[in-house]
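Here's a quick briefing on what holds one protein chain together between parts that sit apart in its sequence. Have a look at the picture, then walk through the points below.

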Amino acid sequence: MSKTKAMTMLLAAGTMLGAASLVQAQSACAPRDQVIERLAAKYGESRQSIGLGANNAVIEVFASLETGTWTITATTVDGMTCLMASGQAFEELADTLPPKGEDA
């Protein structure tokens, strides 16, 4: 098989995997109250932080201080909440900023 053909096949496979991931990510959305209820009931997670993202999406971090699981969600203006990322080993931190004028 030629190098060009192999690269084309690899690129096509990557594109299909990316499209499948996008479809899967889009299906991980539900009304906000249902998502929050499930995160609390199944994982013991509660909201730890909140911020405003692109297109006025509300970005929230939910975590369980007992188990260390965490989930990042994005809620759109229409009230749909999508799971963006999740993982383990959540830790609460309170880092301080370096004094002004000093490099970080």
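A disulfide is a pair of cysteine sulfur atoms within 2.5 Å. Keep in mind that this is a predicted model. Searching the whole structure turns up 1 disulfide, and the structure also holds 2 salt bridges.

**The disulfide**

- The two partners are Cys29 and Cys82, with an S to S distance of 1.9 Å.
- Cys29 belongs to strand 1 (residues 29–31) and Cys82 to strand 5 (residues 80–87), so this link ties together parts that are 53 residues apart in sequence.
- Which hand does the disulfide have? The torsion about the S-S bond of Cys29 and Cys82 is about 110 degrees, so the disulfide is right-handed.
- Cys29 is partly exposed, because its relative accessible area is 24%, which falls between the 20% and 50% cut-offs.
- Cys82 has 16% relative accessibility and counts as buried, since buried means under 20%.

- You'll find Glu60 in strand 3 (residues 58–63).
- Is Glu60 buried or exposed? With a relative accessible area of 1%, Glu60 is buried.

**Salt bridge with Arg32**

- The side chains of Arg32 and Glu60 form a salt bridge, at 2.6 Å from N to O.
- This pair links distant parts of the chain: Arg32 sits in helix 2 (residues 32–43) and Glu60 in strand 3, 28 residues apart.
- Arg32 is partly exposed, with a relative accessible area of 30%, whereas Glu60 is buried at 1%.

**Salt bridge with Arg47**

- Arg47 and Glu60 also meet through their side chains in a salt bridge, with an N to O distance of 2.9 Å.
- Arg47 lies in strand 2 (residues 46–52) and Glu60 in strand 3, so the pair ties together parts that are 13 residues apart in sequence.
- Arg47 counts as partly exposed, at 46% relative accessibility.
- The Glu60 and Arg47 side chains make a polar contact as well, at 2.9 Å.

**Putting the charges together**

- Which residues end up in one network? Salt bridges with shared partners join Arg32, Arg47 and Glu60.

Terms used:
Residues numbered from 1 in each chain as written. Predicted model: local features only at pLDDT ≥ 70, side-chain atom pairs only at ≥ 80, totals over all residues. Heavy atoms only, no water. Helix = DSSP H or I, 4+ residues; strand = E, 2+ residues; numbered from the N terminus. Buried < 20%, exposed > 50% of the residue type's maximum accessible area, 1.4 Å probe, protein only. Polar contact = N/O pair within 3.5 Å; in protein donor to acceptor, adjacent residues only side chain to side chain. Salt bridge = Lys/Arg side-chain N within 4 Å of Asp/Glu carboxyl O.
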